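Q: Please take a close look at one part of this model, the aromatic rings and the nonpolar core around them. I would like the cut-offs stated along the way.

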Amino acid sequence: MAVMVRIRNEVADGPGRPLGSGDASPHKGKKILVVDDEAPILEAVSYSLRKEGFKVSVAMNAEACMRSFREDQPDLIILDVMLPSASGLQVCKRIRATHDTPIILLTARAEERDKVLGLELGADDYVTKPFSVRELLARVKAVLRRGADDGGSNLIQLGDLLIDEARHEVSVRGSMVDLSPKEFALLSFLARSPGIVFNRQTLLDRVWGSDAYVDERTIDVHIRWLRSKIEIDAAEPKLLITVRGLGYKLSADH
C-alpha cells in the first residue's frame, strides 16, 4: 500500500514542476509496457508516463506481458518481479533470450543478491518498492537515453581482437562475436585506451552516462559476459584484465 500512496500523492500534487509540463522530451511517443499485478500501481504509473508523452500498454501477468510484447513491440518494459504464474525474472530471461529491449525491474526485495540476479538475467535497471514516480520516470528516460550507441568510424585492432565501430562488429581470432549494444559500447570504450585502468564509476559515466541510475555491479556483470564471449578461458582472462582495487583494463600486450 505504501507504493500506491506515494505514487498517487506525487502524481496529484507533487512538489516542483508538474509531471509532463513543458517537457520537449526526445522520447515522446516511445512505447512503454508496464507489467504489474496491482491495478492501482498500473493506473498511477501509466498515467504519469502518458503525461510525459509516452505511449503505454499494460499487463497484469506473465502471459499478458509476452502477448503485449509480441504485439506492441515496446521500446522499454517496466516489469514487476512478483507476478502470478511466472516471476518477472523468468519473463526477463525469456525476453532477453531473443531481444535487447530495455527492461526496468520493480522489486520489493532490497537484498543485493536479488538486484545482481536481475542484472545477470539482462535487466537494464531496477527500482525498489516503495518508489517515487519521479525516480521511476527519471530512470526510464536515462535507460532510453543510453539505449543507442554512437557508432564510430574507426577500426580498432588489438592482437586477435578486431572492432569495427562503423559496422558494429567484433571478431576474435577470426570469428565473429555477437555482443549486445551495451557490451559493444563497453568493449569499444576500453579498446580506445588499451592498457589504461578505468574504475567502475568512470566506466558507468562514460558508457552508461553520468546521469544514469545504475549500480556499479552492472559493470562486473557486463565484464563477465564479455569475457565469456571473447576470452579463450573466461576464468583466466588475458584480454579483459581486473586490476585489484582499481578497476578494469583491456590488455595492450595480448
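A: K182 lies over the face of W208, at 5.6 Å from the ring centre, where a charge counts as sitting over a ring if NZ of Lys or CZ of Arg is within 6 Å of the ring centre and within 35 degrees of the ring normal. This is a predicted model, in which local features need pLDDT of at least 70 and side-chain atom pairs count only at pLDDT 80 or more, while totals for chains, interfaces and linings use all residues. Residues are numbered from 1 along each chain as its sequence is written, and side-chain values use heavy atoms, with hydrogens and water left out.

W208 is also one of the residues touched by L203, together with L186, F189, L190, F198, I219 and Y248, not counting residues up to four places away in sequence; contact here means heavy atoms within 4.5 Å. Rings of Phe, Tyr and Trp (its six-membered ring) pair if their centres lie within 6.5 Å, and planes under 30 degrees apart count as stacked, over 60 as edge-to-face and the rest as tilted. The structure holds one aromatic pair, and both F189 and F198 are buried, that is, under 20% relative accessible area, with exposed meaning over 50% and partly exposed in between (1.4 Å probe, protein chains only).

L203 is in turn among the residues with the most contacts inside the largest nonpolar core, which has 29 residues, and I163, V170, L187, L190 and L250 are listed with it. Such a core is a set of buried Ala, Val, Leu, Ile, Met, Phe, Trp, Tyr and Cys residues joined through side-chain atoms within 4.5 Å. At least two of its residues come from each of β6, β7, β8, α7, α8, α9 and β11, and α7 gives the most, with seven residues. Helices (H or I, at least four residues) and strands (E, at least two) are DSSP runs, numbered from the N terminus.

In α9, the buried residues are T218, I219, D220, V221, H222, I223, L226, R227 and I230. The 14 residues of α9 should span 20 Å at 1.5 Å a residue, which agrees with its end C-alpha atoms being 20 Å apart; the expected span is 1.5 Å times one less than the number of residues.
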